Amino acid sequence: MRIEPKRFYEEFFLYSSQFVVFFIVALFLSPFIDALRPVSLVIVCAFLVAQILLLVIQGHKPLLRFLFSFITPAGYVLVRALSGTFLPFDMANVFIWGAAFYVGILQAIALSSWGKWIKNAAETLLALGVVLVFVFFFFYLDLRLAVAQGDGAGALSPADYEAALGLKGFLPAFIAFMKTPKNGFLVFGAFTFGVMLLANKVKVQNLRSRISALFGAARIDERAASPEKAAGQQAIVTVLSADIRDFTGLSDRVTAEKAVGILNRYYSLWAIAADRHGGRIAGLAGDSVLVVFGLLGEKDAAERALACAHDFIKELPGMRDDLLSAALPALEGVSIGIHSGSIVAGELGIVGSRRLGVFGDAVSVAARLDSLCREFKQDLILSQSVFRQLELESQARLVRIGEVLLRNSTQPMPVYGNK
């Protein structure tokens with residue numbers, strides 16, 4: 001199975017392993033009578049890498065994420081036991097198991113199918129846990145260095161060492177640690193970092209919640225456009241056509257169930273972007289999506305369509321992460337074409353299952369521009385008719401990338417893409 005480097009990086013630094021990293025650094029920076037030898041540290045790191053790989057592959061399953069969180073603590077205990085330096089009530093040993101349980105159970109809850117508020121509470125407690133873990137291991141490093149100085153002066157017996165780093169000595173040592181101004185400032189900085197991390201996680205969680213709310217019902221607008229247009233009328237609108245790049249190749253590499261899962265998430269993200277900017281999804285066919293702006297005569301239809309496209313492209317990395325966390329392959333990218341022109345709109349379909357449908361020149365041109373994205377190495381291509389309707393600020397973010405000759409046309413048409 002292919003391991004995405006980004007998923008490995010995120011798992012290592014952001015999701016489950018930061019407390020183990022802190023702990024290994026503390027052991028490395030504090031040479032002492034019970035310090036792990038380099039070989040032992042390499043073994044602990046190997047357990048950590050194995051844990052991360054398993055979490056990247058199967059960490060989307062709540063129970064497995066909880067169980068895999070204990071791999072590195074178990075490896076640490078094994079190394080300590082083999083070296084004859086294992087102390088069950090050493091504060092670091094107790095805390096590394098406690099942190100693994102805390103992080104594992106909260107991440108399992110966040111991945112579960114429980115309610116939104118429970119998931120948000122779990123994410124909040126996880127961000128708080130990151131702060132507490134960092135503060136504790138900094139405190140533990142500071143304590144080990146102080147104890148090492150005492151041992152170097154010959155002032156500590158083995159019993160004194162065990163008492164200094166044992167669980168019973170935690171509270172008085174931590175109170176003394178917090179009385180130092182520099183340590184108080186560090187705790188404040190760690191808390192600020194935790195708030196920033198929480199804000200980012202809440203943003204991601206809200207996006208996933210919106211996708212989950214729409215999952216399984218791609219929310220194409222099944223209402224009639226309006227009574228007078230139900231029979232079919234012409235309208236001047238802006239049409240957005242989008243496809244997934246190389247979706248055929250991607251679907252050949254996965255099961256039918258996974259291909260459907262990818263498409264439903266893709267449709268749902270387009271539904272969110274379209275709703276946000278007043279567009280109406282008028283067609284879904286395979287990986288192709290058709291969104292129409294200006295059906296009600298809005299004058300800023302071109303601006304809305306461009307904003308919708310940019311919004312979708314901006315949210316695409318989050319969708320990739322969502323797919324990877326569900327053990328689905330990430331999308332290579334999307335192609336988007338936008339054109340303003342004439343269409344025929346109306347309720348299409350057999351009686352009892354009619355829905356809004358559109359067809360006409362604007363639809364054909366938007367689809368053609370969509371298909372040209374790979375040739376021009378662009379995610380987004382706009383026609384000149386769209387470009388002319390944009391405000392100067394929006395035009396300034398675009399650049400003319402060439403000309404295309406459309407079917408039934410004798411003059412090439414300028415097209416534009418992002419700078």
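Because the model is predicted, local features need pLDDT of at least 70 and side-chain atom pairs count only at pLDDT 80 or more, whereas totals for chains, interfaces and linings use all residues. Residues are numbered from 1 along each chain as its sequence is written, and side-chain values use heavy atoms, with hydrogens and water left out.

**The whole protein**

The protein has 17 helices and 8 strands. These elements are DSSP runs numbered from the N terminus, with helices being H or I over at least four residues and strands being E over at least two. Of its 419 residues, 47% are buried; here buried means under 20% relative accessible area, exposed means over 50%, and partly exposed lies in between (1.4 Å probe, protein chains only). Contacts are heavy atoms within 4.5 Å, and among those between residues at least 6 apart in sequence, 69% join residues at least 24 apart. Accessible areas come from the Shrake-Rupley method with a 1.4 Å probe, and for residues only the protein chains shown count as cover.

**A strand covered on both faces**

Take a look at strand β6, residues 380-383. L380 and L382 are buried on one side, and I381 and S383 are buried on the other. Strands pair if DSSP finds at least two bridges between them. Strand β4 (residues 334-348) runs parallel to β6 and is joined to it by 3 bridges, with I336 opposite L380. Strand β8 (residues 413-418) runs antiparallel to β6, with 2 bridges between them; here L382 faces Y416.

Helix α5 covers residues 71-83, 13 residues in total, and reaches 19 Å from its first C-alpha to its last, close to the expected 18 Å. That expected span is 1.5 Å times one less than the number of residues. Its buried residues are I71, T72, P73, G75, Y76, V77, V79 and R80. After the helix comes G84, with a positive phi near 75°.

Elsewhere, F89, V94 and L167 make a nonpolar surface patch of about 280 Å². Patches take residues with over 30% relative accessible area and no salt bridge, joining like charges within 9 Å and nonpolar side chains (Val, Leu, Ile, Met, Phe, Trp, Tyr) within 5 Å. L167 sits in the loop between α8 (158-165) and α9 (170-178) and counts as partly exposed at 40% relative accessibility.

**Salt bridges**

Side chains of opposite charge can pair when their charged atoms come close. A salt bridge here is a side-chain nitrogen of Lys or Arg within 4 Å of a carboxyl oxygen of Asp or Glu. The whole structure holds 6 salt bridges, including these:

| Pair | Closest N to O | Relative accessible area |
|---|---|---|
| R276 and D311 | 2.5 Å | R276 38%, D311 12% |
| R400 and E403 | 2.5 Å | R400 45%, E403 44% |

Salt bridges that share partners also join R276, D311 and E315 into one network. What does the salt bridge between R276 and D311 tie together? R276 lies in helix α12 (residues 256-276) and D311 in helix α13 (residues 301-325), so the pair links parts that are 35 residues apart in sequence. D311 is buried, whereas R276 is partly exposed.
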